[in-house]
Amino acid sequence: MKNTLACRFCGSLLEHTFVDLGVSPLANSYLTEEQLNKMEPFYPLKAYVCGSCFLVQLPAYESPEIIFGEYAYFSSYSDSWLAHGRDYTEMVLERYPVGTKDLVIEIASNDGYLLRYFQARGINVLGIEPAKNVAEAARKAGIPTLVEFFGADLANRLVNEGKKADLLIGNNVLAHVPGLNDFVSGMKTVLAPSGIITMEFPHLMRLIDENQFDTIYHEHFSYFSLITVEKVFASHGLVLFDVKELPTHGGSLRIFARNAEDASRPVNARVMELMAREHAYGLKDLDYYRTSGSRVKEKKRDILEFLIRLKREGKSIAGYGAPAKGNTLLNYCGIRTDFIEYTVDRNPHKQGCFLPGSQIPILSPEKVRETRPDYLLILPWNLKDEIMGQMDHIREWGGRFAVLIPEVEVFP
Ligand SMILES: [Zn+2]
C-alpha cells in the first residue's frame, strides 16, 4: 500500500520510520470487567521522523474526542505533580509578576492542580480542559474551566469576549495535539501583546538518549526537539526566548515564548546553547533517528530476560501504577498476567479496571500488603522515588522494587 502520510507541521511525506512498536490499544482505554470478553481495537504504534523538519510523530488513527473524552488521569493524585505545580507558580511569578487585573489561561488544565495556586493569590484564571470528568473536578474546586479542545476557533471566540492571556500555560499538552498548526496559531491569537507563553513537554533528546520508548503512545502525537519546536513557533509569529531542562517525565523542556513583535525580551543564550547541543547530538541527522529502532528491540530482550529469570526462580511480581507509558511497555513486550499478577494505583477511577491489551487487573495499593509480592515493578519509573517512599513497607517481607526503563534495575 502506498504511504501517503504527511508531516503534521510541514506537510512533507513521512518516509522514515523512527521506532516501530507493532500494534497497541489506546494507552488510556482502561477496560471494565465486561469488556474483557469483547474485541479490543488495536492500532499501529509506529513513529515516523519527518525528513524535512525532523518532527517525530505518530499518525492520528482516532479523533481526539475518542482519545481524550474520558481521561482517567487526575493530576492531584500525584504528590510530585502537586509539588511541581507549586514550584512552577513561584518561579513564574518571581520572573514575570502577574497582577490581579491580568488573566492566566491554562490549556489542558486537568483538575485545576496548577491554576489553584494562582487563584489563591487573587489572580484571574481560566482553565481549558476537554476531558469532561476531569474538568468537572476543577469546577467543583472553584476553578473556571471550559470543557473544550483548544485551537484557532476557541482562541478567536475568547478574543471576541475580550479575553487575552497575559500568561498562557500549556504543560504536557503540545505532544497531545493532532492539529499542531491550528493549536499554535490559536496560542498566537489569544496571547496579549506583551504576554508570555510557557509550555512543558518531554524532550526528544532524552527519549532517544535513555531509550524511553514507552513514552511513545497514541495520545502523544508529536515528540519535540528544541530545534523543531522553535521552527513551529516561528512559523506562527512566536519567538522562543528562554528554555529550561526539567527532570519531569524522564526529562522535559520548559520553553518560554513571546510575540515576535515584542522586542522587550531578547533571546537568551540558553536557547542557542541547547540548539547547538541538539545539533551536535545528531538531531538534524536522519541516520541518527533511524538507529533508535534497533536499540528498542535490544531493550525488549533485556526486559524479557529479566522477567523470565524471576519467574523461573519462582518469584511473584506485582506492578505499581497504571500509567499510559506502562501500557506501551507491556503491550510491546507481550507482558501479561503470566509475568505480572496485578498492578495497583492510588487513583480510585482506575481501580477495578484492567490495563488495555495486557488485561492486567488494577487494584488498590492495599493489595500489596495482603499478597506480599517478591518484586514490585514500578511502571511510572519517572516517579520511582516518590513511590518507593510510599511503598517502603514491602521491605518488611524482603520485597524489592524494580524499574525497566531507562535500564532494568532492582532496588534492594
Ligand atoms: Zn515536517
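Which residue forms a salt bridge with Glu313? I looked it up: the partner is Arg309, and the closest N and O atoms are 3.3 Å apart. For a salt bridge I ask for a side-chain nitrogen of Lys or Arg within 4 Å of a carboxyl oxygen of Asp or Glu.

**Ground rules**

I am reading a predicted model, so local features need pLDDT of at least 70, side-chain atom pairs count only at pLDDT 80 or more, and totals for chains, interfaces and linings use all residues. Residues are numbered from 1 along each chain as its sequence is written, and side-chain values use heavy atoms, with hydrogens and water left out.

**Entry: salt bridges**

Glu313 counts as partly exposed at 44% relative accessibility, and Arg309 counts as partly exposed at 44%. My scale calls a residue buried under 20% relative accessible area, exposed over 50%, and partly exposed in between, with a 1.4 Å probe and protein chains only.

The structure holds 18 salt bridges. Another one I looked up joins Arg301 to Glu298, with 2.6 Å between the closest N and O atoms. Both residues sit in helix α11 (residues 292-312), and because they are 3 residues apart, about one helical turn separates them. Helices here are DSSP runs of H or I with at least four residues, strands are runs of E with at least two, and both are numbered from the N terminus. Arg301 is partly exposed at 48% relative accessibility, and Glu298 is partly exposed at 38%.

I also noted Glu148 with Arg157, where the closest N and O atoms are 2.7 Å apart. Glu148 has a relative accessible area of 23% and is partly exposed; Arg157 is partly exposed too, at 34%. Finally, Arg95, Asp242 and Arg270 are linked in a network of salt bridges.

**Entry: the zinc ion**

Which residues coordinate the zinc ion? I found Cys7, Cys10, Cys50 and Cys53, each through SG, at 2.3 Å. Donors are N, O and S atoms within 2.8 Å of the metal (3.2 Å for Na, K and Ca); water is not among the atoms, so sites may look incomplete.

The spacing of these donors along the chain reads C-x2-C-x39-C-x2-C. Cys10 is partly exposed, with a relative accessible area of 37%, whereas Cys50 is buried at 0%.

Why do I call the arrangement tetrahedral? The 4 donor atoms subtend angles of 102 to 119° around the zinc ion, which makes it so. The cut-off for four tetrahedral donors is that all angles lie between 85 and 135 degrees.

**Entry: the sheet of 7 strands**

I traced an open sheet in the order β6-β5-β4-β7-β8-β11-β10, with mixed pairing. β6 (145-146) and β10 (238-246) are the edges; each has a single partner strand, so one side of each is left without a neighbour in the sheet. Two strands pair if DSSP finds at least two bridges between them.

β5 (residues 124-128) and β6 run parallel over 2 bridges, with Gly127 opposite Thr145 in β6. β8 and β11 are antiparallel, joined by 6 bridges, and Phe201 stands opposite Leu253 in β11. β10 and β11 are antiparallel over 8 bridges; here Leu238 faces Asn259 in β11. Their hairpin has 5 residues between the strands, and among them His249 takes a positive phi near 55°.

How many residues of β11 are buried? I get 8 of its 8. Helix α2 (residues 79-95) lies across β7 (165-171), β8 (191-202), β10 and β11 (252-259), at about 35° to β11. Angles run from 0 to 180 degrees between N-to-C directions, with axes fitted to C-alpha atoms, for helices over the stretch in contact.

**Entry: the sheet of 6 strands**

This open sheet goes β14-β13-β12-β15-β16-β17, with mixed pairing. Its edges are β14 (362-363) and β17 (409-411), each with a single partner strand, so one side of each lacks a neighbour in the sheet. α11 packs on this sheet, touching β12 (317-320), β15 (375-378), β16 (400-403) and β17, and its direction makes about 135° with that of β12. Contact means heavy atoms within 4.5 Å. β13 (residues 343-344) pairs with β14 in the parallel sense over 2 bridges, and Val344 has Leu363 as its bridge partner.

Terms used. Four donors count as tetrahedral if all angles lie between 85 and 135 degrees; four count as square planar and six as octahedral if opposite donors are over 155 degrees apart and all others between 65 and 115; anything else is irregular.
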